[in-house]
Amino acid sequence: MQLNNNVIEFILIGLTQDPLRKKIVFFIFLLFYLGMLVGNLLIITTIKTSQALQSPMYFFLFYLSLSDTCFSTSIAPRTLVDSLSKKTTISFSECIIQVFTLHLFGSLEVFILILMAVDRYVAICKPLHYMTIMSHRVCSVLVAVAWMGSCAHSLVQIFLALRLPFCGPNEIDHYFCDLEPLLKLACTDTYVTNLLLVFNSGAICTVGFVVLMFSYVIILHSLRNHSAEGRRKALSTCISHIIVVVLFFVPCIFIYTRPATTFPMDKMIAVFYTIGTPLLNPLIYTLRNAEVKNAMRKLWSKKLVSEDMS
């Protein structure tokens with residue numbers, strides 16, 4: 001492993017260098033990040049405390065909200081600080097840690113979304129065997145496998161990053177550390193590393209998206225055999241999942257399937273999937289899910305009652 005680096009820190013160029021625009025970025029990111037935290041932590045708390053939300057679907061939704069929270073937290077706080085700072089340097093080790101956490105929780109979200117599609121497939125296509133197939137033990141094992149897959153993916157990213165020699169420019173044209181902008185600073189030929197990045201991150205995004213879309217086509221096709229009420233409920237759930245899948249995967253595919261080339265819009269697209277999608281996920285799942293809304297109302301009612309009694 002090559003570690004002959006003269007660069008000990010990088011300078012994050014950010015979304016803009018204009019002082020006024022940096023303040024605007026700060027307030028937008030702060031608003032989005034706080035909204036994401038409130039929404040996802042509310043879902044996490046509701047699922048953990050509600051007896052009505054103990055099915056496998058909500059078990060996976062808990063981990064989706066957890067991965068969303070950690071995914072955005074690996075980027076947003078640093079971006080908020082940098083938006084108010086004149087000096088936007090990040091050490092080499094901090095940069096590597098950010099690459100690891102970004103890909104750990106990003107790939108975990110990919111795997112959790114796939115597990116949610118599997119859960120919906122079993123629930124709709126094999127309802128009589130649902131609780132047998134998707135038992136709590138099976139769901140726990142699947143989530144554990146998702147964590148292991150995410151760790152393996154992230155370790156590959158770190159391995160690729162640590163092999164790169166940095167001996168000259170240290171300005172990263174981005175607002176966070178990722179392997180793609182780091183490749184531009186490496187003082188070596190990065191053609192092979194680019195290919196490995198496509199096969200690793202690009203393949204996870206593309207294959208995951210194709211598998212998910214194919215599974216939902218099968219699910220939607222099978223709904224013709226259900227009652228009108230069953231179709232309505234299943235369709236509402238599936239549409240929510242499909243919206244989340246499209247919002248997360250399309251930007252990721254755009255970014256990670258062509259690492260050798262960059263466009264001016266790349267940073268804005270990155271904003272969408274790093275902070276925008278994690279903010280929208282709780283809204284999509286709560287606004288289109290009566291069970292979650294009812295559980296949240298009960299949780300809020302209990303809180304108000306306990307405050308009145310005290």
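The stretch of residues 96-118 is 100% helix and 0% strand, and its end C-alpha atoms lie 33 Å apart. Residues 235-256 are likewise 100% helix and 0% strand, with end C-alpha atoms 31 Å apart. Here helices (H or I, at least four residues) and strands (E, at least two) are DSSP runs, numbered from the N terminus.

This is a predicted model, in which local features need pLDDT of at least 70 and side-chain atom pairs count only at pLDDT 80 or more, while totals for chains, interfaces and linings use all residues. Residues are numbered from 1 along each chain as its sequence is written, and side-chain values use heavy atoms, with hydrogens and water left out.

Both stretches carry the annotation "transmembrane region" in an unreviewed UniProt entry, which also lists residues 24-45, 57-76, 138-160, 198-223 and 268-287. UniProt positions follow the numbering used here, feature names are shortened, and annotations may be inferred rather than shown by experiment.

**How the helices pair up**

Axes are lines fitted to C-alpha atoms, for helices over the stretch in contact, and angles run from 0 to 180 degrees between N-to-C directions.

| Helix pair | Axes come within | Crossing angle |
|---|---|---|
| H1 (residues 19-49) and H2 (residues 56-73) | 9 Å | roughly 155° |
| H8 (residues 191-222) and H9 (residues 228-256) | 10 Å | roughly 160° |
| H2 and H6 (residues 136-162) | 10 Å | roughly 25° |

Angles under 35 degrees count as roughly parallel, over 145 as roughly antiparallel, 65 to 115 as roughly perpendicular and the rest as oblique. With a crossing of roughly 155°, H1 is therefore roughly antiparallel to H2. At roughly 160°, H8 is therefore roughly antiparallel to H9. At roughly 25°, H2 is therefore roughly parallel to H6.

A crossing is left-handed if the near helix is turned anticlockwise from the far one by less than a right angle, and right-handed if clockwise. H1 passes H2 in a left-handed crossing, and the crossing of H8 and H9 is left-handed too. H2 passes H6 in a right-handed crossing.

**Who touches whom**

Contact means heavy atoms within 4.5 Å. Between H1 and H2, the residues involved include Tyr33, Asn40 and Lys48 of H1 and Phe62, Asp68 and Thr73 of H2. This contact divides into 10 nonpolar, 5 polar and 2 charged residues. For these classes, Ala, Val, Leu, Ile, Met, Phe, Trp, Tyr, Cys and Pro count as nonpolar, Asp, Glu, Lys and Arg as charged, and the others, Gly among them, as polar.

H2 also meets H6: Pro56, Phe59, Phe60, Tyr63 and Leu66 in H2 face His136, Cys139, Ser140, Leu142, Val143 and Trp147 in H6. That contact has 9 nonpolar, 2 polar and no charged residues. The contact of H8 with H9 has 20 nonpolar, 5 polar and no charged residues.

Strands pair if DSSP finds at least two bridges between them. S1 (residues 9-12) and S2 pair in the antiparallel sense over 3 bridges, and Glu9 stands opposite Ser91 in S2.
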